[in-house]
Amino acid sequence: MNGMSKHSLDARGLLCPIPVIRAQELARTLTAGDLVELVATDPGVMHDVPAWCRVHGHDVITSKEQDDEYLIQFKIGTG
Amino acid sequence: MTPNAKRKAVALISGGLDSMLAAKVIMEQGIDVHGVNFFTGFCVEGHTSAIRERHKIKPKRNNALWCAEQLGIPLHIIDISNEYKDIVLNPKHGYGQHLNPCLDCKIFMVNQASASAYAADHGFDFVVTGEVIGQRPKSQRREAMPVIARESGAGDRLLRPLCALNLEPTLPEREGWVDRARLFGFHGRDRKPQIELAKHFGFEDFAQPAGGCCFLTDKYYSAKFADLLRARGKRDYELDDIMLLKVGRHMRPTDRFKLIIGRDQGENKYLLGYQKRFLNLRMVSHEGPLTLIDGAPNDQDIELAMRIVARYSQGRNADQVEMKVTWPDRQERLVRVVPLTPTEIPDEWHV
Ligand code: SF4
């Protein structure tokens with residue numbers, strides 16, 4: 001089994017598309033199967049991050065709103 | 001590379017219809033197209049609609065990502081907000097109708113698409129844009145086309161599929177990587193050919209108008225931006241400055257300070273994120289906006305600011321309202337003030 005790793009990305013206080021740009025920068029350093037947990041305050045991420053994941057072949061595992069924050073967990077794809 | 005190997009192109013994707021069509025036209029010719037989009041800090045995107053409550057029903061999508069998804073291509077977003085300062089503050093080719101430095105901007109973006117580290121990693125053979133001759137008075141006039149190609153360094157590796165037939169054949173056409181006969185000769189401001197082509201490709205719900213990619217083409221935004229530069233007395237800004245110009249009611253009673261007053265809950269919530277960095281005012285006795293004060297106000301200025309804000313609160317007709325002033329060092333003070341009357345707020349204060 002390869003060493004899948006978990007990473008957190010704090011995008012609180014950033015407006016879209018900056019959270020997406022941060023996710024893009026982080027994803028470049030990761031390998032397929034790695035997990036990213038992104039937390040943001042801009043509701044725009046609920047639309048943009050899943051769209052960005054679909055475009056790049058990453059899988060959104062969960063996305064939810066909690067206490068005025070938005071949490072999205074996605075898995076890096078092979079693309 | 002063998003003549004039959006798949007050629008690669010990078011397409012500038014603004015989020016508008018034209019760039020999406022241009023990419024599609026080239027994809028249809030079997031070229032491997034990747035999208036690139038630029039974040040300048042002035043972009044009109046999802047976050048702007050996300051801030052204001054009244055836009056709640058509108059989809060908060062990022063149009064560039066949406067286009068990439070429709071096209072089925074990867075999209076790389078490049079943050080050029082830092083480098084962009086020099087372009088917007090010192091455009092070699094000047095401004096368009098407002099503070100939009102479109103020609104310099106296009107040159108920079110085509111350069112980034114063709115010569116950045118990202119481009120080097122991918123080895124693109126050419127660059128695709130959705131420009132149409134005559135569509136925009138300055139940056140898309142005929143004489144601007146060779147200037148963009150030359151000054152961006154892309155030269156004849158810059159292909160504009162929507163108006164290629166009105167221009168000299170570029171390298172991808174001459175080499176037969178793309179078939180010139182399957183490119184277009186659109187020109188002018190008529191959008192019908194683009195709409196027809198969108199229909200042909202089955203694109204629906206695309207963003208219109210094509211020119212709406214950034215706030216710098218907006219008269220009101222440009223006025224606020226010009227005011228910021230003038231009041232600061234220097235041609236410089238931070239990313240937060242230009243983001244804040246997208247939000248709130250901006251009022252400048254003197255050159256020493258400006259008020260940024262939230263206009264609804266969405267804006268108040270957004271401004272909350274900046275409260276630790278600015279002197280701010282909050283209503284205590286009545287419902288009302290959160291206000292940031294930008295600049296260096298003296299005590300009289302702060303009192304005036306409070307009286308203005310009271311005018312935009314539920315206590316506007318009260319004899320007095322109570323407000324909390326918080327300084328960036330977290331010092332706080334409760335103050336009672338008399339709201340200004342509408343006639344005491346001159347129009348010139350509105351930026
Ligand atoms: S509208 Fe804005 S982003 Fe578009 S070319 Fe002009 S300056 Fe650049």
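Is the crossing in which α1(A) passes α2(A) left-handed or right-handed? The first view of this predicted model takes up that question.

**View 1. Two helices of chain A cross.** The pair here is helix α1, residues 18-28, and helix α2, residues 45-56, both in chain A. Their axes come within 10 Å and cross at roughly 30°. As for the hand, α1(A) passes α2(A) in a right-handed crossing. Look for P19(A), V20(A), A23(A), Q24(A) and A27(A) on the α1(A) side; they meet V45(A), D48(A), V49(A) and W52(A) from α2(A). Sorted by class, this contact between α1(A) and α2(A) has 7 nonpolar residues, plus 1 polar and 1 charged.

**View 2. Chain B as a whole.** Let's step back before moving in on chain B. Its secondary structure comes to 13 helices and 11 strands, and its C-alpha trace spans about 80 × 40 × 35 Å along the principal axes. Of its 351 residues, 56% count as buried. Take the contacts in chain B between residues at least 6 apart in sequence: 65% of them join residues at least 24 apart.

**View 3. An open sheet in chain B.** Five strands make up this sheet, and reading across it you get β3-β2-β1-β4-β5, with parallel pairing. At the edges sit β3 (75-79) and β5 (158-159) of chain B, each of which pairs on one side only. Strand β4(B), residues 126-128, pairs with β5(B) in the parallel sense over 2 bridges.

**View 4. Around the ligand.** Which residues surround the ligand? They are Y84(B), P101(B), C102(B), C105(B), R136(B), C213(B), C214(B) and T217(B). That shell divides into 6 nonpolar residues, 1 polar and 1 charged.

**View 5. A closer look at S222(B).** This serine lies in helix α10 of chain B, which covers residues 219-232. Is S222(B) buried or exposed? With a relative accessible area of 5%, S222(B) falls under the 20% cut-off, so it counts as buried. Leaving aside residues up to four places away in sequence, S222(B) touches H98(B), L99(B) and L216(B).

Definitions and conventions. Residues numbered from 1 in each chain as written. Chains lettered and ligands numbered in written order. Predicted model: local features only at pLDDT ≥ 70, side-chain atom pairs only at ≥ 80, totals over all residues. Heavy atoms only, no water. Helix = DSSP H or I, 4+ residues; strand = E, 2+ residues; numbered from the N terminus. Buried < 20%, exposed > 50% of the residue type's maximum accessible area, 1.4 Å probe, protein only. Contact = heavy atoms within 4.5 Å. Pairing = 2+ DSSP bridges. Near = heavy atom within 4 Å. Nonpolar A, V, L, I, M, F, W, Y, C, P; charged D, E, K, R; others polar. Axes fitted to C-alpha atoms, helices over the stretch in contact; angles between N-to-C directions. Left-handed = near helix turned anticlockwise from the far one by under 90°.
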